Amino acid sequence: HSADAQRTDLMTITRFVLNEQSKRPESRGDFTILLSHIVLGCKFVCSAVSKAGLAKLIGLAGETNGEEQKKLDVLSNDVFIKALISSGRTCILVSEEDEDATFVEPSKRGKYCVVFDPLDGSSNIDCGVSIGTIFGIYLVKEGREPTIEDVLQPGKNMLAAGYCMYGSSCTLVLSTGAGVNGFTLDPSLGEFILTHPDIKIPKKGKIYSVNEGNAKNWDDPTTKYVEKCKFPKDGSSPKSLRYIGSMVADVHRTLLYGGIFLYPADKKSPNGKLRVLYEVFPMSFLMEQAGGQAFTGKQRALDLIPNKLHERSPIFLGSFEDVEEIKALYAEEE
Ligand code: AHM
Ligand code: MG
């Protein structure tokens, strides 16, 4: 796909996924249909996010006679839940916003389970800084009633994962298990166009990304690792620190520029902060597909078997060699 071809031969996300799926003999278009409903949700949230700052001034759609406006994260969740159910391709939905899983009624059921965080990075919503949607997709075991066990599966069983970043542009990054591709929303077309084909994360990076305000409560390996980033002993330059506090934005930068993103355990939160099913797993899936690694401090992140829907785990992910270093520090502990 040369530059000129990219301008005139538009590779939309739908066309891309249809091509990809046509190589799979068992495919009947169900995945493409599911994805188009996820994409619709992302477009809606993108539009809502870009108008958020104006909401007080002009009033957002749906607001009637002074009734209180829905918070953006609640609104986004409602849109995703409805879009996913109406796709007719889902059976279980797990959202960060909902305590319990949603079981789709039999007449609208399909074979996919979707785990998602409709609007992640809540602390950045009100100041207009990048936020995002994260999702992962599992296939339900065929021939029996869907149960919660269908989603309490290790991340390596995911069929696909992705995120959409509502940043200076709206970017959707997707993997269906054969590499990672990035699409940018062309607002004038209302279509996501392939702009980042076959993303590979640099083997090693120059950036580390962590909430250093928690340093007081870190464990030894994390403390030693961050010390190493700042005061390398092997003659290399210190790493730069970048931390937005939106996982999607911090991971997106890590994927494109290389480096490491960490949300470690600390004395106050022994399991870290980020949620296994719809934050840790999709991002770990994408990292591995792009040639990087994701580690929990104990094991490969995608090998984790979650016991609860909203379980948390520490996470270290990014460039292969940077994650090797933190793995070595944890190995020394044992
Ligand atoms: P949220 O689901 O309440 O938005 O929290 C998740 C966010 C992530 O996007 C981000 O990586 C992390 O929380 C930042 O946490 P902290 O503010 O503790 O650094
Ligand atoms: Mg979240």
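UniProt, in an unreviewed entry, lists residues 201-330 as "domain: Fructose-1-6-bisphosphatase class 1 C-terminal". The structure you are looking at is a predicted model. In this model, the C-alpha atoms at the two ends of residues 201-330 are 23 Å apart, and the span is 36% helix and 12% strand.

Let's turn to a loop. Asp198 sits between strand S8 (191-196) and strand S9 (207-209). Most residues other than glycine have a negative phi. Asp198, however, has a positive phi, near 45°. Is this residue buried or exposed? Asp198 has 12 other C-beta atoms within 10 Å, and a residue with 12 or fewer counts as exposed, so Asp198 is exposed.

Now look at the largest nonpolar core, which has 89 residues. Which members touch the most others? They are Cys113, Val114, Val115, Leu286 and Ile315. Helix H3 (residues 30-51) gives this core its largest share, 10 residues. Take Val114 as an example: setting aside neighbours within four places in sequence, Val114 is in contact with Leu84, Thr90, Leu93, Phe135 and Ile137.

Helix H3 also has a packing partner. Two packed helices are described by the angle between their axes and the distance between the axes. For helix H2 (residues 13-22) and H3, the angle is about 155° and the axes are 10 Å apart. Angles over 145 degrees count as roughly antiparallel, and therefore H2 and H3 are roughly antiparallel to each other. The crossing of H2 past H3 is right-handed. Where they meet, H2 contributes Ile13, Thr14, Val17, Leu18 and Gln21, while H3 contributes Phe31, Thr32, Leu35, Ser36 and Val39.

Note on methods:
Residues numbered from 1 in each chain as written. Chains lettered and ligands numbered in written order. Predicted model: local features only at pLDDT ≥ 70, side-chain atom pairs only at ≥ 80, totals over all residues. UniProt positions renumbered as here; feature names shortened; annotations may be inferred. Helix = DSSP H or I, 4+ residues; strand = E, 2+ residues; numbered from the N terminus. Buried ≥ 20, exposed ≤ 12 C-beta atoms within 10 Å, placed from the backbone. Core = buried A, V, L, I, M, F, W, Y, C linked by C-beta atoms within 7 Å. Contact = placed C-beta atoms within 7 Å. Axes fitted to C-alpha atoms, helices over the stretch in contact; angles between N-to-C directions. Parallel < 35°, antiparallel > 145°, perpendicular 65-115°, else oblique. Left-handed = near helix turned anticlockwise from the far one by under 90°.
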